[in-house]
Structure formats: C-alpha cells, structure tokens
Amino acid sequence: MNPTMYSIILSNVAIGTIITMTSHHWLLAWIGLELNTLAIVPIIAKQHHPRATEATTKYFLTQAAASAMILFASTVNAWTTGSWDISQLTYPPACTLLTLALSMKLGLAPLHFWLPEVLQGTSMNTALIIVTWQKLAPISLMFMVHNSINPMIMLIMAMISTLTGGWGGLNQTQMRKIMAFSSIAHLGWMAGILTLNQNILILNLSLYIIMTAPMFLMLKYTTSKTIKDLTTMWTTSPQIAAPLMILLMSLGGLPPLTGFMPKWLILQELVTYNLAPIATIMAISALLSLFFYLRLSYIATLTMHPTTTKDSNKWRFQPKPLTTPTMTLTMLSLLLLPMTPLFCP
C-alpha cells in the first residue's frame, strides 16, 4: 500500500475514535464508529491473501451489524425520550440492545467468535491495532452510559468472557489466537468493573494496552507466529526472550507484576459489593489464563541454553535489539504494582 494512503487511512482510524470519544450526540458517535470501521477495513485487507480477505469480511459484517444495532437503539431511545443526548439513555430495551451491540464491537463473550478468526488473518501490526486502539471507542461509549447499563447483564458477560478467554486459549498453538483469547479475558475483567467503579476500569484499560502493545511488538520483531517459533527465540533474539517471559507472566496476572494490580482491585471491589460468588468464578477463570501464559513462558525459556537447539543455522542471524518505546512499555508492564495505593487510595 502507498505510504501516503496508509497514513491517511490510519489518520481516519484515529479521527473516528476521537469523534466517538468526544461526542455527546448519538448520531455523531455513530458516524465516528462508522468512520473508524471503514478506515480499518483496507488495513486488514492490504495483504492480498485469502485469509486476509476472510478476516476483512468477518470484521466488516460484525462491526456493521453492531453499528446498525447502536443506531437502532439510539433511535428508539430518542423516539421514547425525545433526546439524542448520550447521557439520556433511559429506555430499558434500548439500554439492553446498546449493551449487546457494544459488546459485539468489543468482542465480549458470547459475541466474541469473530475476534480470534480476524486476528489470525491479519498481520501483527494490524492485530495490535484491533486489540488496543479499536477497543477505545466502544469502551468510551460504555463509560458514558454506565449509569444506564444493567449491572447483572455486564457481570454475566464478564464471567462468560473470563471463562471463555481462559478456556479457549488452552487449546491454541497460534500466537495471534492466543492473544485474541487473552483480549477476551481482559475485556471480561473490564466489563465486570464497568458499572461498579469507573476509575478501576480506566486503570485496567490503560494497563491492558501497556502490556499488550510490547507483547505484539516483540512477537513482530522475532517473527513468532506459533508456539513452535518461541522455542527458537533465544537463538535469534536472546535479549527479547527474557523480557517476553516476564511480560507473559504479567499478562497472566502473576504477582508481584503489574498485571496483578487490576485483577486484585477488581476482586476487592466485587467483594465490597457483596458479589463474592462472581469474584470467585472470575478468580478461578484467571487461573486458566495464567496456566497457558506460564506454559508459553516455559516454552520461551526452555531453549535459553544454546546447546538445547539442534538448528545451527539460527546462530547466523543477527539478534534484533529492542527499541526504546518497546522497552519502556515493557518496564511499565512489569514494575507498576508498588504504585497501587496511588491509583486507588
């Protein structure tokens, strides 16, 4: 793709999200979502491969259906209340329909089936955009209407998402599908806290992006697409293998790493609201995610000693250094747990 066109399309992706995040009118928010969706479609399809075409089709149909549901819900609410203001979402059927539509856009279970398939058909750069930047607009809309959302619907979807993310990732060998199920699990934790404490939601989203971005960048630099590729990472990029191992454990929420902070705060908040059974289910589902993260960490460090590999040709490649932004994000994703009292005193 022409670099100028690529820059224009990426700018439209950013502008669409910003329009949605800053709007107070339902039609303007819908226009931002549509601009965002239409701009990222050529980015997904630019590989000219059948898998990329399939991923583009699935992404477009899912997002178009969700956008249509959002427009329908906002129209019904405006018809009932006489207001197009986002904060005036008071009609219960419209609230439920909007919650389902935004959950479909995010990839929350049980409306998650498109996410692993779309990520598997895209490049690492595009997958990174889909699981980070593309979550901002729907979550911002949920944040603006959190008073109107039924808490029980969100908590049920949160439990299903955390269980699906943990259970679905166990059987995968493709790194992009594993990261897709990881995204579903993390979104489940955000959905669980959405109606209870919005400050923790923003903290969780920020840490999720901080941890996911360097993960995808490391996988891109080492061209690791499957679990098998991780076994040779030490021979090609030894200075990336060790940070990747710790980053995987942080994504799994293993204390004392940064990833443990949002899970700890969310479980504490759920117990405070007398939702201990839901907190227990989500904590158990976090163990499923932690298991496959630890398995990946073990695989990545299994070949740390050079004599464990039989492929001598791997040693001919020059190691790829970590860039400064990637290293900064990696350090943030590992060392923020002691700052927990500053975020939630």
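UniProt, in an unreviewed entry, puts the feature "transmembrane region" at residues 57-79, 91-115, 152-170, 177-194, 200-219, 240-261 and 273-294; its positions follow the numbering used here, feature names are shortened, and annotations may be inferred rather than shown by experiment. Keep in mind that this is a predicted model, where local features need pLDDT of at least 70, side-chain atom pairs count only at pLDDT 80 or more, and totals for chains, interfaces and linings use all residues. Residues are numbered from 1 along each chain as its sequence is written, and side-chain values use heavy atoms, with hydrogens and water left out.

**Overall picture**

- The chain has 17 helices and zero strands, counted as DSSP runs (H or I, at least four residues, for helices; E, at least two, for strands) and numbered from the N terminus.
- Of its 345 residues, 53% come out as buried, and the cut-offs here are under 20% relative accessible area for buried, over 50% for exposed, and partly exposed in between (1.4 Å probe, protein chains only).
- Take the contacts between residues at least 6 apart in sequence: 77% of them join residues at least 24 apart, a contact being heavy atoms within 4.5 Å.

- Residues 152-170 are 95% helix and 0% strand, with the end C-alpha atoms 28 Å apart.
- Residues 240-261 are 64% helix and 0% strand, and here the end C-alpha atoms lie 24 Å apart.

**The salt-bridge network**

- There are four salt bridges in the structure, each one a side-chain nitrogen of Lys or Arg within 4 Å of a carboxyl oxygen of Asp or Glu.
- Arg-51 pairs with Glu-54, with the closest N and O atoms 4.0 Å apart; both sit in helix α3 (residues 50-81), three residues apart, or about one turn of the helix.
- Glu-54 also bridges to Lys-58, at 2.8 Å from N to O, and that pair is four residues apart in helix α3, again about one turn.
- Lys-58 has a further salt bridge, to Glu-117, at 3.9 Å from N to O. Lys-58 is in helix α3 and Glu-117 in helix α5 (residues 114-120), so this pair ties together parts that are 59 residues apart in sequence.
- Through shared partners, the salt bridges link Arg-51, Glu-54, Lys-58, Glu-117 and Lys-177 into one network.
- As for accessibility, Arg-51 is partly exposed at 36%, Glu-54 is partly exposed at 35%, Lys-58 is partly exposed at 29%, and Glu-117 is partly exposed at 27%.

**A buried lysine without a partner**

- Lys-135 lies in the loop between α6 (124-131) and α7 (136-144).
- Lys-135 is buried but has no salt bridge, and the nearest side chain of opposite charge, Glu-117, is 15 Å away; for charge, Lys and Arg count as positive and Asp and Glu as negative, while His and the chain ends are not counted.
- Setting aside residues up to four places away in sequence, Lys-135 touches Leu-106, Trp-114, Leu-115, Ile-130, Ser-183 and Leu-187.

- Phe-292, in helix α15 (residues 276-302), is buried with a relative accessible area of 1%.
- Phe-292 and Gly-169 are 123 residues apart along the chain, yet their C-alpha atoms are separated by 6.9 Å. Beyond its neighbours within four places in sequence, Phe-292 is in contact with Gly-165, Gly-166, Gly-169, Leu-170 and Ile-178.
- Ile-86 is in the loop between α3 and α4 (92-106) and is buried at 2% relative accessibility.
- Ile-86 and Val-145 are 59 residues apart in sequence, with 7.0 Å from C-alpha to C-alpha. Contacts of Ile-86, leaving out neighbours within four places, include Ser-23, His-24, His-25, Trp-26, Ala-29, Leu-141, Met-144 and Val-145.

**A nonpolar surface patch**

- Met-1, Met-5 and Ile-8 form a nonpolar patch on the surface, with about 290 Å² of accessible area together. Patch residues have over 30% relative accessible area and no salt bridge; like charges are joined within 9 Å, and nonpolar side chains (Val, Leu, Ile, Met, Phe, Trp, Tyr) within 5 Å.
- Met-5 belongs to helix α1 (residues 3-22) and is partly exposed, with a relative accessible area of 42%.

Notes
Accessible areas come from the Shrake-Rupley method with a 1.4 Å probe; for residues, only the protein chains shown count as cover.
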